[in-house]
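Here is a friendly walk through one protein model, with the sequence and structure for you to follow along. Keep both open as you read.

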Amino acid sequence: MNDLEAIRARRSVRTYLPDPLTAEERAGLERALASCAKGPFGTEVRFALVALGEAERGESQALWTYGVIRHATTFVAGAIDPRQPGATLDFGHCLERVILEATKLGLGTCWLGGTFRAGVFASRMCLPAAYEIPCVTPVGRGAEKRTLVEKAFRTFAGSDRRKPWSELFFEGVGRRSLTPESAGRFAEPLECLRLAPSASNKQPWRVFKAASGEAWHFGLARNTFYDRSVSAVSLQEIDLGIGMSHFELACRTLGIAGSLKREPRVELPGGIEHVATWS
């Protein structure tokens with residue numbers, strides 16, 4: 001499975017088989033954590049593979065994830081110093097790459113932002129005082145049958161619905177919608193971005209094709225109330241990092257070279273906040 005296939009195959013899994021990971025699966029995840037620990041803007045993300053003991057598994061539904069995740073035996077937790085420029089973008093970029101590597105191993109995952117107890121994970125990671133754990137993911141073999149809680153979460157979050165191209169991708173720095181035809185060889189990377197997961201499926205990314213050359217401006221349609229009501233760390237910046245990772249991985253798989261840079265800043269329409277440009 002390559003990155004394009006993993007992006008299309010990934011689904012959020014909230015109910016797991018209670019079996020521990022195999023030695024081969026743990027080794028594959030450890031390799032992923034080591035290879036995905038630095039983001040495009042230079043932030044080092046501290047990852048830990050947190051395996052629950054037998055006693056902890058019985059209490060994990062309430063103590064670890066407020067009952068959102070059932071029967072998981074292992075989690076991936078990531079931590080950053082949020083004071084570093086671009087740290088939240090890098091965090092989303094790095095953890096999504098880990099999640100896609102887990103998908104290639106045949107394992108299920110689920111982004112958790114506001115529905116886990118950070119303290120119990122932090123106690124396993126020995127973090128410096130300034131570090132925070134913005135998100136975690138369970139990782140394991142998904143159960144075939146979804147619980148009623150899982151079905152309700154997918155329905156509430158709109159997990160199976162994505163905004164159309166006309167609301168996400170634009171020509172130049174105006175408001176004229178970009179079509180797959182006019183995107184040319186970037187149609188597939190943009191579609192992979194459109195499929196990226198986001199908190200409550202708000203899909204805050206907006207992408208503008210530069211007027212000249214093969215450059216793409218990534219913007220954030222920030223919902224300030226949502227960010228502040230859910231977490232002290234901007235979940236929507238993490239979402240944009242996730243989306244940019246899909247775009248970059250798709251480009252790399254298709255043999256399209258380029259990189260992300262935060263400067264120079266670009267004026268985008270409609271109150272969209274320019275975050276980075278890929279070229």
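## Cysteines

A disulfide here is a pair of cysteine sulfur atoms within 2.5 Å. Searching the whole structure for such pairs turns up zero disulfides.

This is a predicted model, where local features need pLDDT of at least 70 and side-chain atom pairs count only at pLDDT 80 or more, while totals for chains, interfaces and linings use all residues. Residues are numbered from 1 along each chain as its sequence is written, and side-chain values use heavy atoms, with hydrogens and water left out.

Buried means under 20% relative accessible area, exposed over 50%, and partly exposed in between (1.4 Å probe, protein chains only). C126 counts as exposed because its relative accessibility is 67%, whereas C135, at 3%, counts as buried.

## Aromatic rings

Rings of Phe, Tyr and Trp (its six-membered ring) pair if their centres lie within 6.5 Å; planes under 30 degrees apart count as stacked, over 60 as edge-to-face and the rest as tilted. The whole structure holds eleven aromatic pairs. One of them joins W165 and F169: the ring centres are 4.9 Å apart and the planes meet at 80°, so this pair is edge-to-face. W165 is buried, with a relative accessible area of 12%, and F169 is buried at 0%.

Next come F186 and W216, whose ring centres lie 5.2 Å apart with planes at 55°, so the pair is tilted. F186 sits in the loop between α7 (180-183) and α8 (187-194) and W216 in strand β7 (residues 216-220), so the pair ties together parts that are 30 residues apart in sequence. Helices (H or I, at least four residues) and strands (E, at least two) are DSSP runs, numbered from the N terminus.

## Charges over rings

A charge sits over a ring if NZ of Lys or CZ of Arg is within 6 Å of the ring centre and within 35 degrees of the ring normal. Which ring lies under the charged end of R175? It is the ring of F170, with the charged end 4.9 Å from its centre. Likewise, the charged end of R262 sits over the ring of F41, 5.9 Å from the centre of that ring.
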